[in-house]
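Please look over the sequence and the model below before reading on.

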Amino acid sequence: MRVDDLASIVDEDVMHAYPLYSDFARSFLDPELVPFSCALTAGLSGAGRRTLMQEFGMCTAAVGSAGRTITDDFLGSPRSQYLASEEEQASYYEAVLERLLILAPPERMRGVMPDYDARLFSLPPLATAVRERTFRARSSQRK
């Protein structure tokens, strides 16, 4: 499935981008990946419209803890993942949002903060997918 094949039959182009899942991000906190993904998708679609960055985010370390790299289960294989401190997360979102606003100002933005109850951490998939326990995501939506 290619963006340019879909562009003529869909109303908008939508993207999700996470540095922690990308092998070409410069770091787990790379603020350029999200806006680059938007620009790339818009260019590849050829539809002449803005791309909706529907979701981007990161995993969070415990409140008051420093950011740290962990080895986590990623689709059945071990992979380095980063749990960002709240300060790192705030800096990351600020940098990404500034870049997204330059590319395509959205009419509306909302945050998604779906931390799981700690009592679920010993159950699948949270027992092995540590990064998903405190995942912070952001969505930008146009009306």
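Leaving aside its neighbours within four places in sequence, which residues is Val34 in contact with? Taking contact to mean heavy atoms within 4.5 Å, Val34 is in contact with Ala17, Met53, Phe56, Tyr92, Val96 and Leu100.

This is a predicted model, in which local features need pLDDT of at least 70 and side-chain atom pairs count only at pLDDT 80 or more, while totals for chains, interfaces and linings use all residues. Residues are numbered from 1 along each chain as its sequence is written, and side-chain values use heavy atoms, with hydrogens and water left out.

**Overall layout**

The chain has three helices and six strands, where helices (H or I, at least four residues) and strands (E, at least two) are DSSP runs numbered from the N terminus. Read from the N terminus on, the order of these elements is α-β-α-β-β-β-α-β-β. Of the 143 residues in the chain, 36% are buried; buried means under 20% relative accessible area, exposed over 50%, and partly exposed in between, with a 1.4 Å probe and protein chains only. The accessible surface of the chain, from the Shrake-Rupley method with a 1.4 Å probe, comes to about 8,300 Å², and 56% of this belongs to carbon and sulfur atoms. When contacts between residues at least 6 apart in sequence are taken, 70% of them join residues at least 24 apart.

**The nonpolar cores**

A nonpolar core is a set of buried Ala, Val, Leu, Ile, Met, Phe, Trp, Tyr and Cys residues joined through side-chain atoms within 4.5 Å. In soluble globular proteins, nonpolar side chains tend to be buried together. The largest core here has 14 residues, of which Val34, Met53, Phe56, Tyr92, Val96 and Leu100 touch the most other members. Two or more residues of this core come from each of α2, β2, β4 (77-84) and α3, and α3 gives the most, with four residues. Another core lies apart from it and holds seven residues, including Tyr18, Leu20, Cys59 and Ile70.

Helix α2 (residues 33-45) has 13 residues, and from its first C-alpha to its last it reaches 18 Å, close to the 18 Å expected at 1.5 Å a residue; the expected span is 1.5 Å times one less than the number of residues. Leu33, Val34, Pro35, Ser37, Cys38, Thr41 and Ser45 are the buried residues of α2, and they pack against α1 (3-6), β1 (13-16), β2 (51-60) and α3 (86-103). After α2 comes Gly46, whose phi is positive, near 70 degrees.

The 18 residues of α3 should span 26 Å at 1.5 Å a residue, and this agrees with its end C-alpha atoms, which are 26 Å apart. Its buried residues are Gln89, Tyr92, Tyr93, Ala95, Val96 and Leu100. They lie on the same side of α3, because they cover an arc of only 165 degrees around the axis, the arc being that of the directions from the helix axis to the C-beta atoms. On the other side of α3, Glu87, Glu94 and Ile102 are exposed.

**Individual positions**

The table lists the relative accessibility of several residues.

| Residue | Relative accessibility | Class |
|---|---|---|
| Cys38 | 7% | buried |
| Cys59 | 0% | buried |
| Ser85 | 6% | buried |
| Ala7 | 8% | buried |
| Met15 | 25% | partly exposed |

With a disulfide taken as a pair of cysteine sulfur atoms within 2.5 Å, the count comes to zero disulfides.

Ala7 has its place in the loop between α1 and β1. Not counting residues up to four places away in sequence, Ala7 touches Asp13, Ser45, Ala47 and Arg49. Although 37 residues separate Ala7 and Leu44 in sequence, their C-alpha atoms are 9.0 Å apart in space.

Met15 belongs to strand β1, and, with neighbours within four places in sequence left aside, Met15 is in contact with Ser37, Thr41, Thr51, Leu52, Met53, Gln54 and Glu55. Met15 and Cys38 are 23 residues apart in sequence, and 6.7 Å apart in space from C-alpha to C-alpha.

Ser85 is found in the loop between β4 and α3. Not counting residues up to four places away in sequence, Ser85 touches Ala61, Ser65, Ala66 and Gly67.
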